[in-house]
Each structure stands twice: as C-alpha cells, then as structure tokens.
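I went through the model one topic at a time and wrote down what I found.

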Amino acid sequence: MRDIITLACTECKQRNYTTTKNKKTTPEKLELKKYCRFCRTHTSHKETK
Ligand SMILES: [Zn+2]
C-alpha cells in the first residue's frame, strides 16, 4: 500500500510536489532536493501531511 505524500519547500514552505511512498518500508520523513519555482533554485523538500 503506497500513500500519496506532499513535498513542501523548506525555504518558502510552498507545496510543490506530490509523490508516493510506502510508509511500511520508509517510516521516516522524506527529504529530497528538488527545484522550487518560487525560490527559483533547488531546495530541500520535506514530506508534509
Ligand atoms: Zn521554495
């Protein structure tokens, strides 16, 4: 069972991406480097609810 999660920029807090993950195999919060169009650069994006 994979759950849809939202990734939010850690700089501007905008929610830029959605992805899926398996909470059973990945219980920790996801953090990915992704392009933020609000910051206009690559920033860390963290999982939010
Ligand atoms: Zn941003």
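I looked for a charge over a ring, meaning NZ of Lys or CZ of Arg within 6 Å of the ring centre and within 35 degrees of the ring normal. I found Lys34 over the face of Tyr17, at 4.5 Å from the ring centre.

I noted the ground rules next: this is a predicted model, where local features need pLDDT of at least 70 and side-chain atom pairs count only at pLDDT 80 or more, while totals for chains, interfaces and linings use all residues. Residues are numbered from 1 along each chain as its sequence is written, and side-chain values use heavy atoms, with hydrogens and water left out.

I then checked for aromatic pairs, that is, rings of Phe, Tyr and Trp (its six-membered ring) with centres within 6.5 Å; planes under 30 degrees apart count as stacked, over 60 as edge-to-face and the rest as tilted. The count by this rule is 0.

Metal site. I took as donors the N, O and S atoms within 2.8 Å of the metal (3.2 Å for Na, K and Ca); water is not among the atoms, so sites may look incomplete. The SG atoms of Cys9, Cys12, Cys36 and Cys39 coordinate the zinc ion at 2.3 to 2.4 Å. Their spacing in sequence reads C-x2-C-x23-C-x2-C. Why is the arrangement tetrahedral? Because the 4 donor atoms subtend angles of 104 to 114° around the zinc ion, and four donors count as tetrahedral if all angles lie between 85 and 135 degrees.

Cys9 is buried at 1%, and Cys12 is partly exposed at 27%.

Strands. I used DSSP runs numbered from the N terminus (E, at least two residues, for strands), and counted two strands as paired if DSSP finds at least two bridges between them. Strand β3 (residues 31–36) pairs with strand β4 (residues 41–48) in the antiparallel sense, over 6 bridges. The zinc donor Cys36 has Thr41 in β4 as its bridge partner. The β3–β4 hairpin has 4 residues between its strands.

Backbone angles. Most residues other than glycine have a negative phi. Arg40, in the loop between β3 and β4, has a positive phi of about 60°. Arg40 is exposed, at 68% relative accessibility. Lys13 also has a positive phi, near 70°. Lys13 sits in the loop between β1 (3–9) and β2 (15–21) and is exposed at 60%.

Technical notes. Four donors count as tetrahedral if all angles lie between 85 and 135 degrees; four count as square planar and six as octahedral if opposite donors are over 155 degrees apart and all others between 65 and 115; anything else is irregular. Buried means under 20% relative accessible area, exposed over 50%, partly exposed in between (1.4 Å probe, protein chains only).
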